[in-house]
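Let's take a walk through this model together, going from the arrangement of domains to the pairing of strands. Have the sequence and the 3D view at hand as you read.

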There are 2 protein chains.
Amino acid sequence: MSEEATQSSPIGVFDSGIGGLTVAAALRRLLPSERIFYLGDTARVPYGGKSRRTVERYSVEISGLLLAEGAKIIVVACNTASALAVPRLQELFRAPVQGVILPGAKSAVEKTRSGKIGVIGTRATIRSGAYEQAIRQLRPDAEVFSEPCPLLVPLIEEGLLEDEITDAVLKRYLDPLLARGIDTLVLGCTHYPLLSPAIARVAGPAVNLVDSAENCALAVRELLETRGLAAGPVFNGSLRVALTDASEGFLRVAEEALELEIGDVELRAVQSGS
Amino acid sequence: MSEEATQSSPIGVFDSGIGGLTVAAALRRLLPSERIFYLGDTARVPYGGKSRRTVERYSVEISGLLLAEGAKIIVVACNTASALAVPRLQELFRAPVQGVILPGAKSAVEKTRSGKIGVIGTRATIRSGAYEQAIRQLRPDAEVFSEPCPLLVPLIEEGLLEDEITDAVLKRYLDPLLARGIDTLVLGCTHYPLLSPAIARVAGPAVNLVDSAENCALAVRELLETRGLAAGPVFNGSLRVALTDASEGFLRVAEEALELEIGDVELRAVQSGS
C-alpha cells in the first residue's frame, strides 16, 4: 500500500461511469466514518463492450488518479473492470485492490440450495467467465448459467427503472436462465441494483438476488479491518464524486434512487490529449 | 487541404463507432472509384452523451489520424461530432471537412410541405440545436420539433432491427413528434438508417424520412468535384476499416445489414496511455 496511507485516508472507488455509486452507497451505509472518493470515467463509459487491453489501460490510469488523492484502498466498483483488470492492478500497485466479483460469487454460493446459479452482466463481464470461475472454485459442482444483458445499462441510465419496456427486455434476458431452474441470480453489474425491484418481479420469489454492490462493501470492511486501515468512529465520513467528463444526467438519477448526498461534482482529466 | 492530397488520396471518414458505416456505404454506392478509409473510435464510443469539449478533443485526435493516412477530405460521419466539433476541425485543418448536419437539413427543407419537421438524434446532438439552426437558416418559418432517442443506438448495436421491443421504444420517442403533425423526420444519427424500415412503420406513410448518411455522401461528391479532388473512373475504389478498440460485434451486424465488404479490420491507438 502507499506509504502515506493511514486510517484517515479516503477509500478510492472507481467505475466506468455512475453505476458504481451503488457500491459507494453501500459503503456509506456500512462504513459511515469513512471518507470516500469516487471517480467515474464518464469520458470513456461504457467499458462493457471494450477489449481486455483497453479496460486494463483505463483501469490503471483511473487507479493512478485515486492514489494521487491518497486512497488507502482501490475499490473496483465495476464488474467489467473487476473481471478484466484486477490482476493487473494488483501487479502494479501496493495498495489493496478490492473488486466486486469474488464477494458476489461467495454470496451466491452461500445462498444457492440447488447449486444452479444465474449470472447477468455486460458482454465483457460474461465473456470473461470471471463469475463462473470464482463460483466453481468455491463450489466445484455448481452449475452456472450466464447471460449478457447489454441493454440494461442504457435503460437504467435513462431512468426507466419501472417501465414496461424494461420489463420486456428483462423478460427476454431472464427467461432462458429461469428455464434452467436457477434459484440464485448474481446481478453482475453495479448498475443493476437500481433495477432490483423489476428484476425481482420478473425473476419471481423463488430466485435469490445477489447484489454485488452490497457484498463488495462487506469485503472492503473486512479488508480494511485486516490491514488496520479502518477509520475509527471518531472520523466523519463523506462522499466526494469526480467524473472524467461533465455529463451529470444519470448522476442525478442515481443520486435520487440511492438517496445519496452528492454535492458539487469535480472534474478530472484523463489522457494527455486534454 | 493537405499539400500532398490528390485525386487518388483516400476519403477519410470517422465516427464515434460503427454507425458511420452507413455513410461509408452511401459513399461506396455513389462514388465507386474512391478509396475510403474509415476510422471508428470504438475505444471511446459513444460520443452522444459526452460534453462539447470532450467531443471536440476526440474529433481532433481522430481527424489527425485520418490526415496521417493521407486523407484528402475529412467526412464527419457522426451527428454528434458534426453538431459539436466541425467548426473546431475547420479552424485547425486545411483539408475540407464535411459533416452530416447541413446536408440533412437541406434535404428536410426540400422535402417538407407543411414546414413541420421532426429531428431525432442522440442527447448531445439534440441539445446542440444544430439541426434546428441549420433548418431555420434555410427556411425561417419552419417549425422544428426535436426528440433525443438515447436508447436507439444500443438497440441497433444489439442487432434488434426488427423487434417488438425496438418498435415499442420507437413509438414512445416518435408519438410526441407525430402529435405535432410533422410531415418530415430527420434521422439525425448515422446509426438510424439501419432502423429505417421500423421507423417508417411507426411513423406511417405520411412522413418523409431524411437519411443523413445518403445526403452526406451527396455533399461529399459535390465538394470533391468543386475542389478538383474527385477520383476519376480509372481508379479502383475500396473501403478500409480501422477501429480504436478491437470490438467487432456490431461491425458484423452493420456489414450484413449494409451489404458492405469489409476485410480485415485494422487497429489504431488513441491516447498516449496505450
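In this predicted model, the C-alpha centres of domain 1 and domain 2 of chain A are 21 Å apart. If you want to colour them, domain 1 of chain A takes in 11-99 + 215-267, while domain 2 covers 101-213. Between the two, 28 residues of domain 1 of chain A are in contact with 27 residues of domain 2 of chain A.

Which elements give two or more residues to the side of domain 1 of chain A that touches domain 2? They are α1 (21-30), α3 (79-92), α10 (212-226) and α11 (249-258) of chain A. Sorted by class, this side of domain 1 of chain A holds 16 nonpolar, 10 polar and 2 charged residues.

Now turn to chain B, where you can follow an open sheet of 6 strands with parallel pairing. Reading across, the order is β4-β3-β1-β2-β9-β10 (chain B). At the edges stand β4 (97-98) and β10 (266-267) of chain B; each has a single partner strand, so one side of each is left without a neighbour in the sheet.

Further in, let's look at one pair. Strand β2 (residues 35-40) of chain B runs parallel to strand β9 (residues 238-243) of chain B, and 6 bridges join them. Within this pairing, Tyr38(B) has Val241(B) of β9(B) opposite. Packed on the sheet you will find helix α1 (residues 21-30) of chain B, which touches β1 (11-15), β2, β3 (73-76) and β9 of chain B. The direction of α1 of chain B makes about 175° with that of β2(B).

Methods
Residues are numbered from 1 along each chain as its sequence is written. Chains are lettered from A and ligands numbered from 1 in the order in which they are written. This is a predicted model: local features need pLDDT of at least 70, side-chain atom pairs count only at pLDDT 80 or more; totals for chains, interfaces and linings use all residues. Two strands pair if DSSP finds at least two bridges between them. Helices (H or I, at least four residues) and strands (E, at least two) are DSSP runs, numbered from the N terminus. Two residues are in contact if their C-beta atoms, placed from the backbone, lie within 7 Å. Axes are lines fitted to C-alpha atoms, for helices over the stretch in contact, and angles run from 0 to 180 degrees between N-to-C directions. Domain bounds come from an automatic or database domain assignment. Ala, Val, Leu, Ile, Met, Phe, Trp, Tyr, Cys and Pro count as nonpolar, Asp, Glu, Lys and Arg as charged, and the others, Gly among them, as polar.
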